[in-house]
Amino acid sequence: MPAHDVLIIGAGLAGQRAALAAAQNGATVAIMSKVHPVRSHSVAAAGGINAAISVDDDWRSHAYDTVKGSDYLGDQDAIEVMCSEAPAEVMHLEHMGVTFHRNESGEMDLRAFGGASLKRTAYVADITGQALLHVLYEQLMKHHESVARFEEWFTTSLLLDEEGRCAGVVARDVRSGRMEAFTAKNVILACGGAGQVYKPTTNGLIVTGDGIAMAYRAGAPLMDMEMVQYHPTCLVETGILITEGARGEGAHLLNSDGERFMEKSAPNKMELASRDVVSRAEQIEINEGRGVGPGGSGIFLDVTVVPRKRTLEALREIVNLGRDFAGVDITREPIMIRPGQHYIMGGVKTDVDGRTPIEGLYAAGEVACVSVHGGNRLGANSLLDTLIFGRRSGEHAAARAASMGMPKVATLPALRADAEKIDAIISRPHEGRRVSEIKAELGEMMNQQAAVFRDETGLQGALETVGRLREEADRAWIDDRGTVFNQDVLGALELGFLIDCAETTVVAAIERKESRGAQYRTDFPERDDAEWLKHIEVARGPDGPAVSYSPVTITQWEPEERKY
Ligand SMILES: Cc1cc2nc3c(=O)[nH]c(=O)nc-3n(C[C@H](O)[C@H](O)[C@H](O)COP(=O)(O)OP(=O)(O)OC[C@H]3O[C@@H](n4cnc5c(N)ncnc54)[C@H](O)[C@@H]3O)c2cc1C
């Protein structure tokens, strides 16, 4: 049975950055991922990463923009940590080999992004996530003696010792179907978000909330789960993302009258207001009959106003996406987009060192809620979040490991329970519904009832549907009865994780009876600081999700009315 100082679940940016930091701090490390690391969703990040690098910028300005973007729900102490450490982290990445775009005078170039008071986003064309992920993967290879890799291993649950401390995980080797227990002094969850709760979503098929659900099942509280980000520019049919970099380069949003409607809701920032603001403005145009395309369900994104040479240089991936997935040459004609699920601000509650309330359990990246994004994340702040809090978790876990012995934990009962659960799914009779049908219904329902606009009736309906789907999922059947690369059975486990994430999202959205950030309640359209300037936490209780509150940390920026 393998035993390590630090066991990291997830090999996206947060996981790999944590692994590097832990190894550099003398820990023995294992990093586990259900897919090959460079296929993690981080690879899809296009637009860039924020840092106050420019001479006329200051990290406090970045922090203020982030606080305002969060609709004052972000914890300001954590935001200060993230923004003040950002410039050094980005420089460090460049020194490790990330080829950030440079301007004519040879300095690092920065592009404009939503909600930012000046150009602050460093980028590598529109493949920033890929560039970062590959460099970290290479750098980690240098530490092959202290870092063990478990690629294509699927974690099924967390192991707790008798005192309730996290002491390892149970996992399945995807290639062979073999189950194994791993002991560790510390576990860092870096499993990414839960975008697949929604359909469509910009997120990869593997983004199924596994880490959030495993932590929740182990007793860790989730925070800000009601805050689900809809990105303003997704392709109408598929939900594929057109990066905010397009608007950063100057693209316009137009309704069916050819009007730049952002003038109405954000006269100063226009298309570069925060994502929640732009998504709502688009949805209003669509709902009020000023949408474009079949059924008026879209909005035009006009990239033709950007010089063609610049588009081909800085936005080449979306030129390809437009051509391949919508049959549109974005350098010559507008493309139809609409708001689509993109990111979850909520996740496993942590402090600024990645610690969750369960001793020995850390979380970093999209799986975690520090909370630096509060009610709404600014574009290009997530890559930053993964790297800063990935590194801090790795450092803290390595230090903790140095001060303790290997925990003693009975692994056999959990190992057996998970193996039996998987066997039971494989041998279910072909009655009831398929996993894929239930997943599709869940996603479409959430996209109707827990989306840009919400109300009590819709959310209560969503909660009922989630309950029914949970029962159906417990009986759902699959085709593959084998052991080698049985993705079918993993899909059934992922559906269970998705349902936990959906339920906690809906419960928190029902609880928050106000409109703030991404949560817009048509029945409570105002922000209500007196009652709701607080985090909602959801933990698993004996009768399902139990809600509690925690205060928002305010250091230097008192809540103000939010205008762009
Ligand atoms: C299309 C797209 C574009 C984006 N563009 C930007 C951008 O330009 N700028 C920005 O700041 N943010 C962007 N984001 C958001 C950002 O990319 C993500 O929030 C971030 O990369 C998440 O990184 P992560 O390390 O937390 O998780 P991920 O990169 O999602 O990695 C999760 C890891 O966990 C592993 N894992 C999950 N479950 C299990 C399990 N059960 N067992 C074992 N392993 C498991 C996976 O295999 C994977 O290795 C974008 C997101 C999308 C979807």
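The model is predicted. Two helix pairs are described: α12 with α15, which cross at roughly 110°, and α1 with α4, which cross at roughly 30°. Cis peptide bonds join K199 to P200 and V370 to S371. Positive phi values occur at G219, D71 and E152.

**Helix pair α12 and α15**

- Helix α12 spans residues 412–426 and helix α15 spans residues 487–511; their axes come within 10 Å and cross at roughly 110°.
- Because angles of 65 to 115 degrees count as roughly perpendicular, α12 and α15 are roughly perpendicular to each other.
- The crossing in which α12 passes α15 is right-handed.
- On the α12 side the contact involves K421, I422, I425 and I426, and on the α15 side V489, A492 and L493.
- Sorted by class, this contact of α12 with α15 holds six nonpolar residues, one charged residue and no polar ones.

**Helix pair α1 and α4**

- Helix α1 runs over residues 13–24 and helix α4 over residues 128–141, with axes that come within 10 Å and cross at roughly 30°.
- Helix α1 is therefore roughly parallel to α4, since angles under 35 degrees fall in that class.
- The two helices, α1 and α4, cross in a left-handed sense.
- From α1, the residues in the contact are L13, Q16, R17, A19 and L20; from α4, they are L132, L133, L136, Y137, Q139 and L140.
- By class, the contact of α1 with α4 consists of eight nonpolar, two polar and one charged residues.

**Helix α5 and the residues around it**

- Helix α5 covers residues 210–217 and is mostly covered, with seven of its eight residues buried.
- Those buried residues of α5 are D210, G211, I212, A213, M214, A215 and Y216.
- Just after α5, G219 has a positive phi of about 105°.
- The loop between β9 (179–189) and α5 contains P200.
- P200 is joined to K199 by a cis peptide bond, with omega of about -5°.

- H41 sits in the loop between β2 (29–33) and β3 (49–50).
- The relative accessible area of H41 is 26%, so H41 is partly exposed.
- With residues up to four places away in sequence not counted, H41 touches T202, N203, G204, I206 and V207.
- V207 is 166 residues from H41 in sequence, while their C-alpha atoms are 7.2 Å apart in space.
- A polar atom of the H41 side chain lies 3.2 Å from the backbone nitrogen of G204.

- S33 belongs to strand β2.
- At a relative accessible area of 6%, S33 is buried, because buried means under 20%.
- The S33 side chain reaches the backbone oxygen of V35 at 2.5 Å.
- Leaving out residues up to four places away in sequence, S33 touches A11, F150, E151, E152 and W153.
- E152, one of these contacts of S33, lies in the loop between β6 (147–151) and β7 (153–160).
- Although E152 is not a glycine, its phi is positive, at about 65°.
- E152 has a relative accessible area of 24% and is partly exposed.

**Other backbone features**

- V370 and S371 are joined by a cis peptide bond with omega of about 0°.
- S371 is located in the loop between β17 (368–369) and α11 (382–402).
- D71 is a residue other than glycine with a positive phi, near 55°.
- D71 lies in the loop between α2 (59–69) and α3 (76–96).
- The relative accessibility of D71 is 6%, and D71 therefore counts as buried.

Definitions and conventions
Residues are numbered from 1 along each chain as its sequence is written. This is a predicted model: local features need pLDDT of at least 70, side-chain atom pairs count only at pLDDT 80 or more; totals for chains, interfaces and linings use all residues. Side-chain values use heavy atoms; hydrogens and water are left out. Axes are lines fitted to C-alpha atoms, for helices over the stretch in contact, and angles run from 0 to 180 degrees between N-to-C directions. Helices (H or I, at least four residues) and strands (E, at least two) are DSSP runs, numbered from the N terminus. Angles under 35 degrees count as roughly parallel, over 145 as roughly antiparallel, 65 to 115 as roughly perpendicular and the rest as oblique. A crossing is left-handed if the near helix is turned anticlockwise from the far one by less than a right angle, and right-handed if clockwise. Contact means heavy atoms within 4.5 Å. Ala, Val, Leu, Ile, Met, Phe, Trp, Tyr, Cys and Pro count as nonpolar, Asp, Glu, Lys and Arg as charged, and the others, Gly among them, as polar. Buried means under 20% relative accessible area, exposed over 50%, partly exposed in between (1.4 Å probe, protein chains only). A polar contact is a pair of N or O atoms within 3.5 Å; within protein, one must be able to donate a hydrogen and the other to accept it, and residues adjacent in sequence count only if both atoms are side-chain atoms.
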